[in-house]
Amino acid sequence: NSSTQGAADYYWDFGDGTTATGQNVIHSYGDTGTYTVTLIVLSNSGCSNNISQTITVTEIETGVSHLNQNKAITIWSNGNTVYVDFSRLTKTDATIEIYNVLGQELLSDKFSRNAIYNKAIENTEAGYVIVKVRNGNDITTKRVVLY
């Protein structure tokens with residue numbers, strides 16, 4: 001959805017028999033194939049507009065894979081706290097993003113010290129989170145366990 005004006009309702013049809021409502025939604029396909037995704041937007045006055053786009057799913061992944069690990073940045077967890085060690089870098093100007101396994105962003109922080117960043121993730125159940133660190137043009141991503 002790239003709507004620039006607010007709307008009253010958003011209806012999504014993912015072309016695989018699944019629908020959703022909401023301005024921005026996440027959907028995972030269960031099988032490879034070609035699908036037509038349709039978004040219908042309704043205004044408060046009853047006007048509607050729709051757009052469709054065809055997508056092709058060529059691979060289904062069952063979990064997190066293909067994670068990059070920058071050896072200068074170390075990421076780990078202990079309990080409900082995520083740690084990122086920037087102490088081996090000469091320059092730190094990082095954005096740290098943490099996502100749950102559904103791809104929903106739990107937090108986004110800026111960090112600019114050559115030190116260890118730590119952040120407790122409150123109000124979340126035990127399980128995996130994805131930590132994505134962008135420092136300049138380098139991106140490091142790692143899956144860690146919170147408990």
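**A guided conversation**

Guide: Leaving aside residues up to four places away in sequence, Ile 40 touches Asp 9, Tyr 10, Tyr 11, Asn 49 and Asn 50. Please bear in mind that the model is predicted.

Visitor: In which strand is the place of Ile 40, and is Ile 40 buried, partly exposed or exposed?

Guide: Ile 40 belongs to strand S3, residues 33-42. Its relative accessible area is 35%. Buried residues lie under 20% and exposed ones over 50%, so Ile 40, at 35%, is partly exposed.

Visitor: What distance separates the C-alpha atoms of Ile 40 and Trp 12?

Guide: Ile 40 and Trp 12 are 28 residues apart along the chain. The separation of their C-alpha atoms is 6.5 Å.

Visitor: Which residues does Asn 49 touch, not counting those up to four places away in sequence?

Guide: Asn 49 has its place in strand S4, residues 48-57. Asn 49 is exposed, with a relative accessible area of 55%. With residues up to four places away in sequence not counted, Asn 49 touches Leu 39, Ile 40 and Val 41.

Visitor: What is the order of the strands in the open sheet of three strands?

Guide: Strand S5, residues 74-78, pairs with S6 in the antiparallel sense over five bridges. S6 is also joined by five bridges to strand S9, residues 116-120, and these two run antiparallel. The order of this open sheet is therefore S5-S6-S9.

Visitor: Which strands stand at the edges of the sheet?

Guide: An edge strand here has a single partner strand, so one of its sides is left without a neighbour in the sheet. Direction ignored, neighbouring strands of this sheet are turned against each other by 15 degrees on average. The strands at the edges are S5 and S9.

Visitor: Why is strand S6 largely enclosed by the rest of the structure?

Guide: Strand S6 covers residues 81-85. It is largely enclosed because of the number of its five residues that are buried: four.

Visitor: In the hairpin of S5 and S6, which residue takes a positive phi?

Guide: This hairpin has two residues between its strands. The phi in question is near 65 degrees, and the residue that takes it is Gly 79.

Visitor: How many salt bridges does the structure hold, and which side chains meet in a salt bridge?

Guide: The structure holds one salt bridge. Asp 109 lies in strand S8, residues 105-111, and Lys 119 in strand S9, so the pair ties together parts that are 10 residues apart in sequence. Asp 109 counts as partly exposed at 22% relative accessibility, as does Lys 119 at 32%. The N to O distance is 3.9 Å, and the side chains that meet are those of Asp 109 and Lys 119.

Visitor: What accessible area do the residues of the nonpolar patch on the surface have together?

Guide: The patch is formed by Val 101, Leu 102, Tyr 128, Val 145 and Tyr 147. Leu 102 has its place in the loop between strand S7 and S8, and Leu 102 is exposed, with a relative accessible area of 56%. Together, the residues of the patch have an accessible area of about 560 Å².

Methods: Residues numbered from 1 in each chain as written. Predicted model: local features only at pLDDT ≥ 70, side-chain atom pairs only at ≥ 80, totals over all residues. Heavy atoms only, no water. Buried < 20%, exposed > 50% of the residue type's maximum accessible area, 1.4 Å probe, protein only. Pairing = 2+ DSSP bridges. Contact = heavy atoms within 4.5 Å. Axes fitted to C-alpha atoms, helices over the stretch in contact; angles between N-to-C directions. Salt bridge = Lys/Arg side-chain N within 4 Å of Asp/Glu carboxyl O. Patch = residues over 30% accessible without salt bridge, like charges linked within 9 Å, V, L, I, M, F, W, Y side chains within 5 Å. Areas by Shrake-Rupley, 256 points an atom, 1.4 Å probe, with all protein chains shown as cover.
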